[in-house]
Amino acid sequence: VTEIGEWAFSGCKSLESIDIPDSVTKIGEWAFSGCESLESIKVSKNNYVYKSVEGILYDKKMTSIIRFPMKHKNVAFVIPNSVTEIGDDAFSECESLESIDIPNSVTEIGSSAFSRCSSLKSIDIPNSVTEIGRSAFDGCSSLESIDIPNSVTKIGEYVFSGCSLLKSIDIPNSVTEIGSSAFSGCSSLE
């Protein structure tokens, strides 16, 4: 096996762990989406494209976090300083994740990166981030506050959709584009 295709294990609700051999050189988007029992992703030490640290999937240089397993034991997580990109779907549906620390090295938050993280209460986006991808925080129903730094120029579609406890948000002057339905379903927004 050299490639794991898009949506390959999507919806495998009983899958608890996966071992990726050294032969795998490509993992498609959303490959582990909906794997609600997934606790750990392991990667062969001889794999030259991917790496696993504490069961979390990264690219080999650890500049991109690809997938944080939905049932990972950590309820709080500090993203390593080497990471510059939080990939599409990287933390989606991690319902037990309560807090996350994003370092100043991160410049991009991918589509659906934190969607449906229903226990996530607050998040600080560092000044290094310039774009927040589509649906990045969609369905984060416990999210009460968020700070958007002056570095952000674009807020994608549906970014905060369904954040029903979000009370206020300050949009900096740097933002030139807000996508459609960015705040739909934010019933507590004052």
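User: Why does Ser161 count as buried?
Analyst: Ser161 has a relative accessibility of 11%, and buried means under 20% relative accessible area, with exposed meaning over 50% and partly exposed lying in between (1.4 Å probe, protein chains only); Ser161 is therefore buried. This is a predicted model, in which local features need pLDDT of at least 70 and side-chain atom pairs count only at pLDDT 80 or more, whereas totals for chains, interfaces and linings use all residues. Residues are numbered from 1 along each chain as its sequence is written, and side-chain values use heavy atoms, with hydrogens and water left out.

User: Where does Ser161 lie, and what makes its link to Ser184 a polar contact?
Analyst: Ser161 is in the loop between strand 15 (154–155) and strand 16 (177–178), where strands are DSSP runs of E with at least two residues, helices being runs of H or I with at least four, and both are numbered from the N terminus. The side chains of Ser161 and Ser184 are joined at 2.9 Å, and a polar contact is a pair of N or O atoms within 3.5 Å, one able to donate a hydrogen and the other to accept it within protein, with residues adjacent in sequence counting only if both atoms are side-chain atoms. Contacts in the wider sense (heavy atoms within 4.5 Å) also tie Ser161 to residues beyond four places in sequence, including Phe137, Asp138 and Gly139.

User: Why is the pair of Phe68 and Phe77 called tilted?
Analyst: Rings of Phe, Tyr and Trp (its six-membered ring) pair if their centres lie within 6.5 Å, and planes under 30 degrees apart count as stacked, over 60 as edge-to-face and the rest as tilted. The centres of Phe68 and Phe77 are 5.0 Å apart with their planes at 55°, so the pair is tilted. Both residues are buried, Phe68 at 1% relative accessibility and Phe77 at 8%. Phe77 also pairs with Phe91, again tilted, with 6.0 Å from centre to centre and 50° between the planes. That pair links distant parts of the chain, since Phe77 is in strand 8 (residues 76–78) and Phe91 is in the loop between strand 9 (85–86) and strand 10 (99–101), 14 residues apart.

User: What places does Phe91 take in the aromatic cluster and in the largest nonpolar core?
Analyst: Phe91 belongs to one aromatic cluster with Phe68, Phe77, Phe114, Phe137, Phe160 and Phe183. A nonpolar core is a set of buried Ala, Val, Leu, Ile, Met, Phe, Trp, Tyr and Cys residues joined through side-chain atoms within 4.5 Å; Phe91, with a relative accessible area of 0%, is buried. Among the 41 residues of the largest core, Phe91 is one of those that touch the most other members, as are Ile86 and Ile109. A second, separate core of 13 residues includes Ile4, Ile27, Phe32 and Cys35.

User: What makes strand 5 an edge strand?
Analyst: Two strands pair if DSSP finds at least two bridges between them. Eight strands form an open sheet with mixed pairing, in the order 5-6-7-9-11-13-15-16, and strand 5 (50–53) and strand 16 are its edges, each pairing on one side only. Strand 5 is joined by four bridges to strand 6 (residues 56–59), running antiparallel, with Val53 having Ile56 as its bridge partner. The two strands form a hairpin with two residues between them, where Glu54 in the turn has a positive phi of about 50°. Strand 9 and strand 11 (residues 108–109), in contrast, pair in the parallel sense over two bridges.
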